[in-house]
Amino acid sequence: MKKTLLFLVLIFFAIVECKAQGPDEDQLGAWYMYFFNTTFKESNWGVQGDLQYRDWRGLGDREQLLLRSGITYTPKDSGVKFTLGYANISTGQFGTEIDNPVLENRIYQEALFSNTLLKRLLITHRFRYEQRWVEDQDFRTRYRYNLFMNIPFNNATLIKNTYYMAFYNEIFINGERNIGDGRNVQFFDRNRTYLGLGYAINNTLRFQLGWMEQTTANWQKGQLQFSLHHTF
């Protein structure tokens with residue numbers, strides 16, 4: 001009887017601890033993001049990247065700090081922009097008591113191309129392939145596809161003083177299942193769906209505010225997104 005009671009107590013605390021390690025799905029988080037993009041004078045080469053701070057609850061509980069940048073190349077008359085880049089990411093645990101971040105270095109390649117439908121439906125496709133070195137894990141890769149849509153309200157394009165609606169959906173697929181020490185991840189990694197409103201401050205700077213639902217293999221959580229998009 002005592003052994004059975006002890007076993008049940010251990011199971012109870014294991015369940016509580018597992019729940020404590022996961023994020024609170026009912027608590028709204030927030031992401032603060034700056035995206036930049038530039039071309040070197042009249043050449044086909046350029047630079048793009050982003051800086052992001054992500055918080056589990058808005059502020060005070062770091063989810064992730066992401067620094068990413070890459071060299072871009074757009075072949076003449078192709079309509080496709082290719083990027084080779086690098087990212088440094090530190091991911092914190094949910095909860096304010098212990099952060100204990102996991103570090104990651106990442107190399108990525110991507111292709112980006114756009115088209116317009118019905119004169120005002122601005123569509124962009126992004127395909128990204130990542131090589132990831134995550135702390136305490138074996139080398140792994142990931143495939144990503146993102147569909148972006150912007151719909152301007154008072155102009156045909158995102159020029160100065162334009163208000164617009166923004167939408168995207170991105171799916172992530174793991175390239176490897178085994179990440180070391182007998183641990184495995186699922187084929188499906190996560191999906192992100194976003195809806196927001198934007199305003200073009202001028203022809204090179206846009207601001208967006210929106211809501212994103214992120215679904216992983218283990219949890220689902222809403223995030224506010226504040227983003228600044230800068231072309232110079």
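User: Which residue lies over the face of Tyr-108, and at what distance from the ring centre?
Analyst: In this predicted model, a charged side chain is counted over a ring if, for Arg, CZ is within 6 Å of the ring centre and within 35 degrees of the ring normal. The residue that lies over the face of Tyr-108 is Arg-128, and its distance from the ring centre is 4.9 Å.

User: Are the rings of Phe-113 and Phe-127 stacked or edge-to-face?
Analyst: The model holds 13 aromatic pairs, and one of them joins Phe-113 and Phe-127, whose ring centres are 6.2 Å apart. Planes under 30 degrees apart count as stacked, and because the planes of these two rings stand at 15°, the pair is stacked.

User: Which strands does the pair of Phe-113 and Phe-127 tie together?
Analyst: Both residues are partly exposed, Phe-113 with a relative accessible area of 31% and Phe-127 with 42%. The parts that the pair ties together are 14 residues apart in sequence, because Phe-113 lies in residues 102–117 and Phe-127 in residues 121–134, which are strands S5 and S6.

User: How are the rings of Phe-127 and Tyr-145 arranged, stacked or tilted?
Analyst: Tyr-145 is partly exposed, with a relative accessible area of 27%. Phe-127 lies in strand S6 and Tyr-145 in strand S7 (residues 140–152), so this pair ties together parts that are 18 residues apart in sequence. The ring centres lie 4.9 Å apart and the planes stand at 35°, so the pair is tilted.

User: Which residues form one aromatic cluster with Tyr-32?
Analyst: Rings pair if their centres lie within 6.5 Å. The residues that form one aromatic cluster with Tyr-32 are Tyr-53 and Phe-226.

User: Over which residues is the pLDDT below 50?
Analyst: The mean pLDDT of the protein is 90, and 89% of its residues reach 70 or more. One stretch, which has 1 contact in the model beyond near neighbours in sequence, has a pLDDT below 50, and this stretch is residues 2–20.

Technical notes
Residues numbered from 1 in each chain as written. Predicted model: local features only at pLDDT ≥ 70, side-chain atom pairs only at ≥ 80, totals over all residues. Heavy atoms only, no water. Phe/Tyr/Trp six-rings, centres within 6.5 Å; stacked < 30°, edge-to-face > 60°. Helix = DSSP H or I, 4+ residues; strand = E, 2+ residues; numbered from the N terminus. Buried < 20%, exposed > 50% of the residue type's maximum accessible area, 1.4 Å probe, protein only. pLDDT = per-residue confidence, 0-100. Contact = heavy atoms within 4.5 Å.
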